[in-house]
Amino acid sequence: MDKNYAEVVRRVEQYFEEHLPQYTVCEVRRKSYYTEDDYLYMVSAVKKDGSSFAFWSSYNDSIQTMNCGHYNLPSLEVCAQMMTEYQTCGAGYSENSSLLDYLCMLLVKNDDRFENSYQEFLYIRGYTDGINAQQEHNWEKMTTTEINTLLQKAVEE
């Protein structure tokens, strides 16, 4: 993933200043962890008067447009649940999936557990879920070097 997450957030905030000044951005989240989808994001926001929340399931950073808004939501928690529902990483794990695909699926499934920076989130989640996945699926035959290489790919992509 070549995109600098902080730059994407800055562009989303600029979009709101110009097109939706009645809202304040709460969260910007990747719509997918696939490299080819690195321009797609989701956004949640609160109305400046605090009366309601909104969620957009499609912010296209490559052309800086936002679509598929859901308005008058009661809470940020509802926005987070909707983000989880709309976030994709493929159809899930199968026997033909790579370990990296499985890590990606776990990242999406557990996206709301951490509130740190994007890179810290990927590193911690990738490491924790990677070790859990290895144990759950009897991948103990992987060497430490192979695990570290896999985790580094998860952070870099």
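What follows is a conversation about aromatic pairs and salt bridges in a predicted model.

Reader: I'm new to this one, so how many aromatic pairs does a search of the whole structure find?
Author: In this predicted model, a search of the whole structure finds seven aromatic pairs. One of them joins Tyr-15 and Phe-16, whose ring centres are 6.4 Å apart.

Reader: Why does the pair of Tyr-15 and Phe-16 count as edge-to-face?
Author: The planes of the two rings stand at 70 degrees, and because planes over 60 degrees apart count as edge-to-face, the pair of Tyr-15 and Phe-16 is given that name.

Reader: And are those two residues buried or exposed?
Author: Tyr-15 is buried, and Phe-16 is buried as well.

Reader: What about Trp-56 and Tyr-71, how do their rings sit?
Author: Trp-56 and Tyr-71 also make an edge-to-face aromatic pair, with 5.6 Å from centre to centre and 85 degrees between the planes.

Reader: Where do Trp-56 and Tyr-71 lie in the chain?
Author: Trp-56 belongs to strand 3, which covers residues 53-60, while Tyr-71 belongs to strand 4, residues 65-73, so their pair ties together parts that are 15 residues apart in sequence. Trp-56 is buried, with a relative accessible area of 2%, whereas Tyr-71 is partly exposed, with a relative accessible area of 42%.

Reader: Which residues do the ring pairs link into a cluster?
Author: The cluster consists of Tyr-15, Phe-16, Tyr-23, Trp-56, Tyr-59 and Tyr-71, linked by ring pairs.

Reader: Changing topic, how many salt bridges does a search of the whole structure find?
Author: That search finds two salt bridges. In one of them, the side chains of Arg-11 and Asp-61 meet at 2.7 Å, N to O.

Reader: Why does Arg-11 count as buried?
Author: Arg-11 has a relative accessible area of 15%, and because buried means under 20%, Arg-11 falls into that class. Asp-61 counts as buried too, at 3% relative accessibility.

Reader: Which side chains meet in the salt bridge at 3.1 Å?
Author: Those are the side chains of Arg-29 and Glu-27, and the 3.1 Å runs from N to O. Arg-29 is found in strand 1, residues 23-30.

Reader: How accessible are Arg-29 and Glu-27?
Author: Arg-29 is buried, with a relative accessible area of 3%, whereas Glu-27 is partly exposed, with a relative accessible area of 27%.

Note on methods
Residues numbered from 1 in each chain as written. Predicted model: local features only at pLDDT ≥ 70, side-chain atom pairs only at ≥ 80, totals over all residues. Heavy atoms only, no water. Phe/Tyr/Trp six-rings, centres within 6.5 Å; stacked < 30°, edge-to-face > 60°. Buried < 20%, exposed > 50% of the residue type's maximum accessible area, 1.4 Å probe, protein only. Helix = DSSP H or I, 4+ residues; strand = E, 2+ residues; numbered from the N terminus. Salt bridge = Lys/Arg side-chain N within 4 Å of Asp/Glu carboxyl O.
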